[in-house]
Amino acid sequence: MGDTTPQRRTEIEASGDRAVAAKEIHGVVTTGDHSPVDNRTIRLEPGTLRASAEVELTAGLTNLPDGPAAVFVGRESALMRLGRELSGDRAWVVIGQVIHGLGGIGKTELARQYATANRDRYRLRWWITAESAEQIQTGLTALAERLHPPTVLAMTGEQAADWARGWLQAHGGWLLVLDNVEEPAHVRDLLGQLHTGHILITTRRLVRWPTGVQRIRLEVLDKRAAAELVAKVGEWDRPEERPAVEAIAAELGYLPLALEQAGAYIRESQISPGEYLSLLTAHPAHMYAASPEGGDAERTIARLWRVHLEATGKRNPYAVQLLRVLACYAPDDIPRDILDDDSDRPLVLDALRLLHSYSLITLTEDTVSVHRLIQAVVVAEDETRTVLEGGSAPDLALAWLAGAWVASAELSPSERRMRRRVLSPHVESLIHHHPISAELQGNIQIFHEAAAYERDEGNYHRAYTFASHALTIYRAVLGEEHPNTLTSRNNLASALRDLRQLAEAAAEYRAVLEVQRRVLGEEHPSTLIIRNDLAGVLEQLMKAQASE
């Protein structure tokens with residue numbers, strides 16, 4: 001037999017044309033015109049649904065996510081400034097305060113610290129994750145439900161969000177945090193409509209905000225605070241490990257989220273900072289993706305910037321391609337004028353503007369800079385992808401840099417020297433990304449010329465690095481006995497002599513001399529030059545041995 005238990009008849013009534021049931025109500029909802037929807041209803045007594053202006057808070061209300069971080073260092077001045085901006089005699093006039101910076105810089109934590117520290121100042125502290133317009137509406141709908149539960153029974157989500165806006169307009173003493181706003185347009189109406197409380201916005205977007213909105217740009221931590229964060233989160237304060245802690249902070253570019261990840265990994269794994277540094281060097285991609293146990297797997301450096309790159313790529317795919325090229329250079333002071341010619345300028349400028357607005361790069365009038373961790377994550381995840389007509393990012397980076405290097409030859413000697421001083425760190429960085437192949441490659445002469453430049457400048461370690469890379473390329477492409485290979489090997493021997501590694505230099509000179517005798521003959525000028533170089537270094541070696 002079927003269930004013959006009498007069914008409870010319930011009803012919702014609300015003024016107007018519509019009433020919408022939600023949550024655990026399964027049955028009839030009688031709408032404003034009393035048309036039935038099912039056979040059970042819940043009845044709201046007359047006057048139950050109240051206007052937003054009539055609803056008062058009798059106690060403090062908050063929905064702050066989690067608590068503030070136990071370790072909070074290096075942001076004291078920013079927190080004090082935030083307090084100053086949201087205070088004074090402005091008597092609860094809405095003050096839009098925007099905290100912006102690259103992902104992982106600590107924007108959300110600063111907002112959380114402020115909201116927690118000022119719990120007694122606000123009767124309402126409401127937090128909305130605001131990456132989309134839909135999330136903002138959902139957050140306001142949840143606010144309406146917490147302030148006045150009947151709203152969720154009698155209204156649509158949009159109506160409840162409007163009710164919450166009305167409550168904020170009618171009352172003071174509140175703090176509304178809009179975390180990780182993606183588009184200023186999503187919050188512009190709120191900024192224009194609300195006039196009796198404080199709005200605190202965090203965003204990675206460096207864009208124009210309405211007049212009167214104050215901005216705080218967060219930078220990376222200073223060296224002392226960064227090392228302190230790793231040590232405190234890692235619960236490791238042995239003095240002998242301080243150099244390793246400082247090296248970790250430097251390797252992670254003083255970025256708070258990355259430093260917290262490192263500290264948590266050290267604590268949870270019960271390893272020393274020195275061991276962590278070795279892991280970071282050997283397995284960077286894995287360490288960037290390692291989330292704390294019990295933590296949010298989405299809040300890791302690798303995941304965070306993957307999301308940023310996806311969002312940027314949807315807007316402008318070339319911007320992400322350009323970022324892959326920039327990841328091949330040194331992180332700071334990349335000359336903007338090497339990135340394009342006149343025909344590509346609008347394309348490149350649009351990409352730079354977008355990357356800058358997402359705080360993925362820093363722009364000045366003359367240079368581009370990219371945080372080293374952004375570069376590392378991009379390289380780790382995208383090194384196999386291609387850029388423009390099948391060319392790889394390292395190939396394009398090399399072509400742009402080589403073009404700038406060749407063009408500098410047309411400058412005056414002093415200007416050429418200054419220009420190459422700017423370019424040389426990017427040549428060195430490119431060595432780590434430029435693949436060695438057996439195919440003849442264009443633009444490889446730059447490594448040979450950069451070695452000569454650095455040797456003239458007295459930078460012998462960098463000269464050795466360039467000479468060694470040039471030799472590796474020429475060996476792979478041209479073979480051991482090609483004149484370019486021999487010249488490059490001779491340059492390497494000279495760099496070793498400059499570094500006072502005399503025995504190694506002598507060995508290289510002997511190897512070059514042996515080939516040149518066989519290929520060019522005993523009397524060839526190049527053979528005689530090498531013999532003279534070898535004699536000189538042997539003399540130096542004998543004097544050094546005699547003085548020991």
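## Trp 305 and its contacts

Trp 305 is in contact with Leu 102, Gly 103, Leu 255, His 371, Leu 373, Ile 374 and Val 377, leaving aside its neighbours within four places in sequence. Contact here means heavy atoms within 4.5 Å. The model is a predicted one: local features need pLDDT of at least 70, side-chain atom pairs count only at pLDDT 80 or more, and totals for chains, interfaces and linings use all residues. Residues are numbered from 1 along each chain as its sequence is written, and side-chain values use heavy atoms, with hydrogens and water left out.

Buried means under 20% relative accessible area, exposed means over 50%, and partly exposed lies in between (1.4 Å probe, protein chains only).

## The overall fold

The protein has 548 residues, and 47% of them count as buried. Its secondary structure comes to 22 helices and 11 strands. Helices (H or I, at least four residues) and strands (E, at least two) are DSSP runs, numbered from the N terminus. Take the contacts between residues at least 6 apart in sequence: 68% of them join residues at least 24 apart.

## The second largest pocket

The second largest pocket has a volume of about 870 Å³. A pocket is found on a 1 Å grid over the protein atoms alone: it is an open set of points where a 1.4 Å probe fits, with protein on both sides within 12 Å along at least five of seven lines. Lining residues have an atom within 4 Å of a point. Grid points are joined across faces, edges and corners, and the volume is the space filled by probe spheres set on the points.

The lining counts 36 residues. Nearest the centre of the pocket lie Pro 331, His 371, Arg 372, Leu 373 and Gln 375. Of these, His 371 and Leu 373 are also in contact with Trp 305. Helices H8 (242–251), H10 (273–282), H11 (284–289) and H15 (372–382) each supply at least two lining residues. H15 gives the largest share, seven residues. By class, the lining has 21 nonpolar, 10 polar and five charged residues. Ala, Val, Leu, Ile, Met, Phe, Trp, Tyr, Cys and Pro count as nonpolar; Asp, Glu, Lys and Arg count as charged; the others, Gly among them, count as polar.

## Two positive phi values

Most residues other than glycine have a negative phi. Glu 235 has a positive phi, near 55°. Glu 235 sits in the loop between helix H7 (223–234) and H8. Tyr 254 has a positive phi too, near 60°. Tyr 254 is placed in the loop between H8 and helix H9 (256–269).

Are these two residues buried or exposed? Glu 235 is exposed, with a relative accessible area of 60%. Tyr 254 counts as buried, at 18% relative accessibility.

## Glu 182 and its partners

Glu 182 lies in the loop between strand E4 (174–179) and helix H6 (185–193). Glu 182 counts as buried because its relative accessibility is 13%. Its side chain makes a polar contact of 3.2 Å with that of Arg 204. Another polar contact, of 2.5 Å, joins the side chains of Glu 182 and Tyr 358. A polar contact is a pair of N or O atoms within 3.5 Å; within protein, one must be able to donate a hydrogen and the other to accept it, and residues adjacent in sequence count only if both atoms are side-chain atoms.

Residues up to four places away in sequence aside, Glu 182 touches Ala 130, Glu 131, Arg 204, Arg 205, Ala 311 and Tyr 358.

## Arg 81 in helix H1

Arg 81 is found in helix H1 (residues 76–85). Arg 81 is partly exposed, at 30% relative accessible area. Beyond its neighbours within four places in sequence, Arg 81 is in contact with Arg 215 and Ile 216. Arg 81 and Ile 216 are 135 residues apart in sequence, but 8.5 Å apart in space, C-alpha to C-alpha.
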